[in-house]
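Thanks for coming. I will walk through one structure today, beginning with a single residue and widening out from there. Please keep the display in view.

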Amino acid sequence: MASISAALKSRIRRPQLLDKVMKAEDTLKFFEPGQYMGWSGFTGVGYPKMIPTALADHVEKNNLQGKMKFNLFVGASTGAESEDRWASLDMIDRRYPHQVGRNIKKGINAGRIRFADKHLSMFPQDLVYGFYTKDKEGSKNLDVVIVEATAIREDGGIVLGASVGASPELLQMADKIIIEVNTSIPSFEGLHDITMCRNPPSRLPYLILGPEDRIGTSAVPIDTEKVIAIVESDRPDNTGPNAPADSTSESIASHLIEFLSHEVTQGRLPENLLPIQSGIGNIANAVIGGLAGGPFKDVSVFTEVLQDTFLDFFESEKLKYASATSIRFSPHGFKRFYDNWEYYRTMLVLRSQQVSNSPEIIRRLGCIAMNTPVEVDMYAHANSTMVCGSGMLNGVGGSADFLRNGKLSIMHTPSARPSKNDPTGISCIVPFVTHVDQTEHDLDVIVTEQGLADVRGLCPRDRALVIIDKCAHPDYKPLLKDYYEFSLKKCLAAGRGHEPHSLDKAFKMHVNLMEKGTMKIDSW
């Protein structure tokens, strides 16, 4: 048994588990190539750090690149120093259901890593259903699950940290469990609302009528006989700074605040709105910053991830309560959070992603869903995952959980992005998206810095006109209008004019981007 620090001993309140304490390098004996492995973590927080680093060091030192590969299951993304380093060392065979990192994206698109994304509400249940282990030899559970904890209770229950994600279901499916207890951060005990997964026909409804409702326990129950090692961790989450707002994102936020105010005036939203869901990135940050400085009071949040601007929202006293599965603050944001722990902990709960993204709850609460796509087409289909139809970015994440089930489903994006040789070389409003993640039936509002298109109740032809007029960049608006008009004329003449397209030209802008570095074509 390794020596036990006073800090670690204070966090492990089940004495029988003290015998399991060891150093990270001493756990290497538990790992074999081809294992099905689960990690805690969600959006780069709450993930194990010591053991993945020790394994990567072992592979690098012994030239085992490509020879020691694992099937990796995590609720969402983890830290660059763990997962992305594993990808650079060719240690990942399969990966589910969401990822972030230059090396892992490169490995996926080079065909070295077999990746499949999934709606984040569905991944944990599908794991428990056995969908991901159905072809596995022997046990149909995960071979080993490594979780980061901030404490272990007297009954063996695991108190998680800054994220819950899919950790409850991963632990539920584990043959063996390794716990990293992070003593460099406070114990998060009391901040979580943990529920476990039942299989049909025994599933129960989630009796959540508001973001502040709790239906579970404060720790993840486990079979302590499955625990094979406990390692002390002294490494904080490697988050880095949040993307700052810019003039484009601030314009988008302004359009959204004006729209929401109009919905209140028209009686379609209450004065304190409905529970807000917001994705991540600089646009999401700007929107939440706009709400913090906006006219709405007693606002609630039911979302996946909280970023730094939510701290401003709390401190403005306009945010009443927030429910999420992860808090992804910058290092400075985490310091603010820990320094004011007693203030924030009364207004926040962290749940599993199966609950935070539950379509049942999202529809019941009437969430206002706001997310950023890769591109949107003129009929309001959205692509959240793929570049030019083939290149994976990160995965669909939880956007569709909210966009299909929220009362208001909003996609916000710049009207154009730079390419390598053109500052507006990529139009985010296109004739036809190259990959569909959210359909025209899911989205209500499209907004860019140019303006806001409310497409509720509109037929496809009317949607196209308002999206082009309100949202397209001036460099592309004439091109998109020309495409629509000649497609309309051609399709009406052929008796198929409901949603006009010219299939021989629909992706001409994308082809031009790949060949010439810009979507600005000379003509159709």
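Start at Val144, which, setting aside residues up to four places away in sequence, touches Phe31, Gln35, Tyr36, Met37, Gly38, Lys176 and Ile178. This is a predicted model, so please read every contact I mention as a contact in a prediction. Val144 sits in strand S5. Is Val144 buried or exposed? Its relative accessibility is 1%, and because buried means under 20%, Val144 counts as buried. For a sense of scale, take Val144 and Ser358: they are 214 residues apart in sequence, and their C-alpha atoms are 27 Å apart in space.

Helix H2 covers residues 50–61, which is 12 residues. From first C-alpha to last, H2 reaches 16 Å, close to the 16 Å expected at 1.5 Å a residue. Which residues of H2 are buried? They are Met50, Ile51, Pro52, Thr53, Ala54, Leu55, Ala56 and Val59. The buried residues of H2 pack against several elements: strand S1 at 36–39, helix H3 at 80–88, strand S5 at 142–149, strand S8 at 174–182 and strand S10 at 227–233. Just after H2 comes Asn63, with a positive phi of about 55°.

Asp298 has phi near 55°, positive in a residue other than glycine. Asp298 is in the loop between helix H8, residues 282–292, and strand S12, residues 299–302. With 47% relative accessibility, Asp298 counts as partly exposed. Glu317 is not a glycine either, and its phi is positive at about 65°. Glu317 lies in the loop between H9 and strand S14, the latter being residues 319–324. How does Glu317 count, buried or exposed? At 67% relative accessibility, Glu317 counts as exposed.

Next, the cis peptide bonds. One joins Tyr96 and Pro97, with omega about -15°. Pro97 is in the loop that runs between strand S3, residues 92–96, and helix H4, residues 102–109. Another cis bond goes from Pro200 to Pro201, and there omega is near 5°. Where is Pro201 placed? Pro201 is in the loop between strand S9, residues 192–193, and S10. S10 is also one of the strands that the buried residues of H2 pack against.

Two further buried residues are worth a stop. Gln307 is in the loop between strand S13, residues 305–306, and helix H9, residues 308–315. Although in a loop, Gln307 has 5% relative accessibility and counts as buried. Which residues does Gln307 touch, not counting residues up to four places away in sequence? The list is Asn242, Gly279, Ile280, Gly281, Ala284, Asn285, Arg328 and Phe329.

The other is His510, found in helix H17, which covers residues 508–516. His510 has 3% relative accessibility and therefore counts as buried. Leaving aside neighbours within four places in sequence, His510 is in contact with Glu375, Cys388, Val430, Phe432, Thr434 and Met519. His510 and Ser427 are 83 residues apart in sequence, while their C-alpha atoms are 9.3 Å apart in space.

Now the chain as a whole. How many helices and strands does the protein chain have? There are 17 helices and 27 strands. The radius of gyration is 24 Å, close to the 24 Å that the globule rule gives for 524 residues, so the chain is as compact as a globular protein of that length. Along its principal axes, the C-alpha trace spans about 80 × 50 × 45 Å.

Buried residues make up 60% of the 524 residues. Of the contacts with a separation of 6 or more, 72% are between residues 24 or more positions apart. As for the surface, the accessible area of the protein chain is about 20,400 Å², and carbon and sulfur atoms account for 50% of that. On charge, the chain has 58 positive and 64 negative side chains. The centres of those two sets lie 3 Å apart.

That is everything I have for today.

Methods
Residues are numbered from 1 along each chain as its sequence is written. This is a predicted model: local features need pLDDT of at least 70, side-chain atom pairs count only at pLDDT 80 or more; totals for chains, interfaces and linings use all residues. Side-chain values use heavy atoms; hydrogens and water are left out. Helices (H or I, at least four residues) and strands (E, at least two) are DSSP runs, numbered from the N terminus. The radius of gyration is taken over C-alpha atoms; the globule rule is 2.2 Å times the number of residues to the power 0.38. Buried means under 20% relative accessible area, exposed over 50%, partly exposed in between (1.4 Å probe, protein chains only). Contact means heavy atoms within 4.5 Å. Accessible areas come from the Shrake-Rupley method with a 1.4 Å probe; for residues, only the protein chains shown count as cover. Lys and Arg count as positive and Asp and Glu as negative; His and the chain ends are not counted. The place of a charge is taken as NZ of Lys, CZ of Arg, CG of Asp or CD of Glu. The expected span of a helix is 1.5 Å times one less than its number of residues.
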